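Take a moment to turn the model around and get your bearings. Then we can walk through it together, one piece at a time.

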Amino acid sequence: ILIGYIVFDSFTSNWQGELYSTYKMSSYQCMLGTNVFSSLFTGVSLLMEGMLFSNLLLCLEHPQLAYDVVGMSIFSMTGQFFIFYCIETFGPVVFTIIMLVDKS
């Protein structure tokens, strides 16, 4: 599992590094693209499974759940800022090393 993690994590950060250097994208543009695709993919998946509206109703019936989801989203966004900033500033190799040290 660790080898698969290293391979895919190396591919992702190298691909993002290539986007930064080739297309002169900012970390905010990369983050926006990633999150828009992720949101669309998740929304379509939930819609196809028939779970989108029931999940929205669950959040409306339990406001604390909605607050927790928003809180997790804010923390996730903050982590993404640091990840994309690290890749843009120091490069994908340094980021991969950081993640390897973090997981070990």
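Are phenylalanine 37 and phenylalanine 41 buried or exposed? Both of them are exposed, where exposed means over 50% relative accessible area, buried means under 20%, and partly exposed is in between (1.4 Å probe, protein chains only). Before going on, a word on what you're looking at: this is a predicted model, in which local features need pLDDT of at least 70 and side-chain atom pairs count only at pLDDT 80 or more, while totals for chains, interfaces and linings use all residues. Residues are numbered from 1 along each chain as its sequence is written, and side-chain values use heavy atoms, with hydrogens and water left out.

Let's start with helix 1, residues 2-23. (Helices here are DSSP runs of H or I with at least four residues, strands are runs of E with at least two, and both are numbered from the N terminus.) With 22 residues at 1.5 Å a residue, helix 1 should span 32 Å, and its end C-alpha atoms are 31 Å apart, which agrees. The expected span is 1.5 Å times one less than the number of residues. Some of helix 1 is tucked away: its buried residues are Asp9, Ser10, Ser13, Gln16, Gly17, Leu19 and Tyr20. These pack against helix 2 (27-49), helix 4 (63-90) and helix 5 (92-103).

Lysine 24 counts as exposed because its relative accessibility is 65%.

The loop between helix 1 and helix 2 also holds methionine 25, which counts as partly exposed at 22% relative accessibility. Not counting residues up to four places away in sequence, methionine 25 touches Leu19, Tyr20, Cys30 and Glu88; a contact means heavy atoms within 4.5 Å. Glutamate 88 is 63 residues from methionine 25 in sequence, yet their C-alpha atoms are 9.2 Å apart in space.

Now for the rings. A search of the whole structure finds two aromatic pairs. Rings of Phe, Tyr and Trp (its six-membered ring) pair if their centres lie within 6.5 Å, with planes under 30 degrees apart called stacked, over 60 edge-to-face and the rest tilted. Tyrosine 28 and phenylalanine 81 make an edge-to-face pair, 5.6 Å centre to centre with 70 degrees between the planes. This pair links distant parts of the chain, since tyrosine 28 is in helix 2 and phenylalanine 81 is in helix 4, 53 residues apart. Tyrosine 28 is exposed, with a relative accessible area of 56%, whereas phenylalanine 81 counts as partly exposed at 32%. The other pair is phenylalanine 37 with phenylalanine 41: their ring centres are 6.0 Å apart and their planes at 20 degrees, so the pair is stacked. Both lie in helix 2, four residues apart, about one turn of the helix.

What about helix 4? Glutamine 80 has its place there, and it counts as buried because its relative accessibility is 18%. Leaving aside neighbours within four places in sequence, glutamine 80 is in contact with Met31 and Asn35.
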